[in-house]
Amino acid sequence: MAVESPTKPTIADKIYDKMFHNYVWKSIFRTGYPNTPRNQMLVVATNVFLHLHPTRIHRTHVKITHTYCLGGLSFFMFLGLTVTGILLMFYYVPSVDRAYLDMQNITTTVQFGQLMRNLHRWMAHAMVILVFLHMMRVFYTGAYKPPREFNWIVGVILLVLTFLLSFTGYLLPWDQLAFWAITVGTNIAGSAPVLGPKTRFWLLGGFEVGPQSLIRFYTLHVIGLPLLAAIFMAVHFWRIRRDGGLARPL
Amino acid sequence: MATAVVARPVARPQARARDEEVLVWPDLVFVEFIAAMVFTITLFFLSVVINAPLLDQANADVTPNPSKAPWYLLNLQELLLHMNPAMAGIIIPTVWLIILGAFPYFDRETDGQGAWFSTEGSVKITIVAGIVGFVGTWLLILWDSGKIAFLLHDWFKWSGGDQLRFLENVRSMQSQLPWPDWSRDITYLPFNLRILDGSGSGGPTTFQHLDFPGWLVEQAIPIVALMGLPCMMIYIMWRMGWVVNRRDALLALFSGFVTAYGVLTLTGTAFRGQGQELVFPWELKVSEGIPGQEPGH
């Protein structure tokens, strides 16, 4: 009768052991490799980024056709826009004298500058479309119904913030497209009854698009509105969990 | 044993069906990762192939014709061509956003959630309301730009004569009907209410005047159309037995909105040429503009 004896650890096992079972690694990642259900739940529960998720989810919600990942992808676009936006900020000065020259610089002399600018623009368009499609998904799956009423409102606010983020970014290249689009856009805002002219003046920092408008739009675009959006997104994600996760038939 | 009487069903946390659940890692995280990768690769590819536009440096003296807002605002710019600017640009979008936010407070039933088109007749309502919004918006745009009258005149040699000229578009109701002089100047306020305006012009004895034909064309007719047509659609669907509850009414309203919004955005983007004339996309040209000329809408 053959007796099973433990196999001798190979060189790979030893390297693996040295890399992942040492004191430093374990201080960063407290759970083991997620190859058992226990560790798989722990890795979600103990990681600050992953713990936006619950540890378990209903079978129907991982089907791609249920959500098409639209909400998650909107957030992913926001993250991508933050990264490319920060890179662009290194080269861009929001002054009427510099802005257009900096744009030319970014697209011609900066390494990967054109790529970063393209990514930033197409991601911004993608985000507007994705947020709108996400709203349609939530509506047609009836996911706004109780108890998720308030999160639907937060979503509508985030839709508006997405539009505003995109709109404020539109002026920054300081080319003809930017200038006249913002002129037309702020004229629309200026037509509001009673508060319109005041709003327009407040947005532009004057009676027409000029240096003050550029710095206002820039500040709103790179810090004011992203902060606001981040706060509402935090509420949005938190409420998804608090309201019982994704909606499913009762 | 005492029984609690509940006035209306309260949303209770759902009982968790553990055996129906999967682990987020790996089942969901994997899907999210793939979706993120697909988008990253697609957008990188797009960015390599298509450059973001950069025109000449901004110049307040050179107005491009047409001057357009960013594409997601072109639906509002399209509305501006048909009605009072305050209504098109501010009041309608604000009111619509409030209505949109109020959806879950109007439709409080919890059934029909968590699955696509799960209520009876929802697909039918969505498709028909979508078509109504699509066709209706196009017809309204074509009519108001005078294209329908033009086609009727050109193809059938019929313009309705001068008596029917006022039906050409909404503006000709103002210009082609024999409005009496007094109707263009109706005193309706015995004092000036421009307190919030801050301009300080006009004392307490200034009178407000109403241009009735202008008010009719710029405000009354658009409001009646924008509120009346969706209400009429929902009412007809209700009489037909399609719309039976609030969810169905919202389905009709929202689906009509989505296609109308799409048509307005598309028209503003691809079908509005110089001077905001309605043209085909392949005829759309942008001129450098005339120095010193403000964009009109």
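Which residues of the largest nonpolar core touch the most other members? Good morning, everyone. Before I answer, please keep in mind that this is a predicted model.

The core in question has 84 residues, and those that touch the most other members are A:Met77, A:Met123, A:Met127, A:Trp174, A:Ala178, A:Ala181 and B:Ala252. Helix H7 of chain A, residues 113–140, gives the largest share of this core, with 13 residues. Let us take A:Met77 as an example. Leaving aside residues up to four places away in sequence, A:Met77 touches A:Met123, A:Ala126, A:Met127 and A:Leu130. There is also a second, separate core of six residues, and among them are A:Val43, A:Val44, A:Val62 and B:Trp25.

I turn next to helix H9 of chain A, which covers residues 176–190. How many of the residues of H9(A) are buried? The count is 15 of 15, so by the definition of burial this helix is mostly covered. The expected span is 1.5 Å times one less than the number of residues. For the 15 residues of H9(A) that gives 21 Å, and because the end C-alpha atoms are 21 Å apart, the model agrees with the expectation.

Now to chain B on its own. Chain B contains nine helices and three strands, and their order along the sequence is β-α-α-α-α-α-α-α-β-β-α-α. Of its 297 residues, 26% are buried. If we consider contacts in chain B between residues at least 6 apart in sequence, 66% of them join residues at least 24 apart.

Finally, the contact between the chains. Chain A contributes 77 residues and chain B contributes 70. On the side of chain B, the elements that each supply at least two residues are strand S1 (21–23), helix H1 (24–49), helix H2 (74–80), helix H3 (85–101), helix H4 (103–106) and helix H9 (246–270). Which of them gives the largest share? It is H1(B), with 15 residues. Sorted by class, the side of chain B that touches chain A holds 45 nonpolar, 15 polar and ten charged residues.

The two chains are also joined through strands. Strand S1 of chain A, residues 56–58, is linked to S1(B) by three bridges, and the two strands run antiparallel. Within this pairing, A:His58 stands opposite B:Glu21.

Thank you for your attention.

Technical notes
Residues numbered from 1 in each chain as written. Chains lettered and ligands numbered in written order. Predicted model: local features only at pLDDT ≥ 70, side-chain atom pairs only at ≥ 80, totals over all residues. Helix = DSSP H or I, 4+ residues; strand = E, 2+ residues; numbered from the N terminus. Buried ≥ 20, exposed ≤ 12 C-beta atoms within 10 Å, placed from the backbone. Contact = placed C-beta atoms within 7 Å. Nonpolar A, V, L, I, M, F, W, Y, C, P; charged D, E, K, R; others polar. Pairing = 2+ DSSP bridges. Core = buried A, V, L, I, M, F, W, Y, C linked by C-beta atoms within 7 Å.
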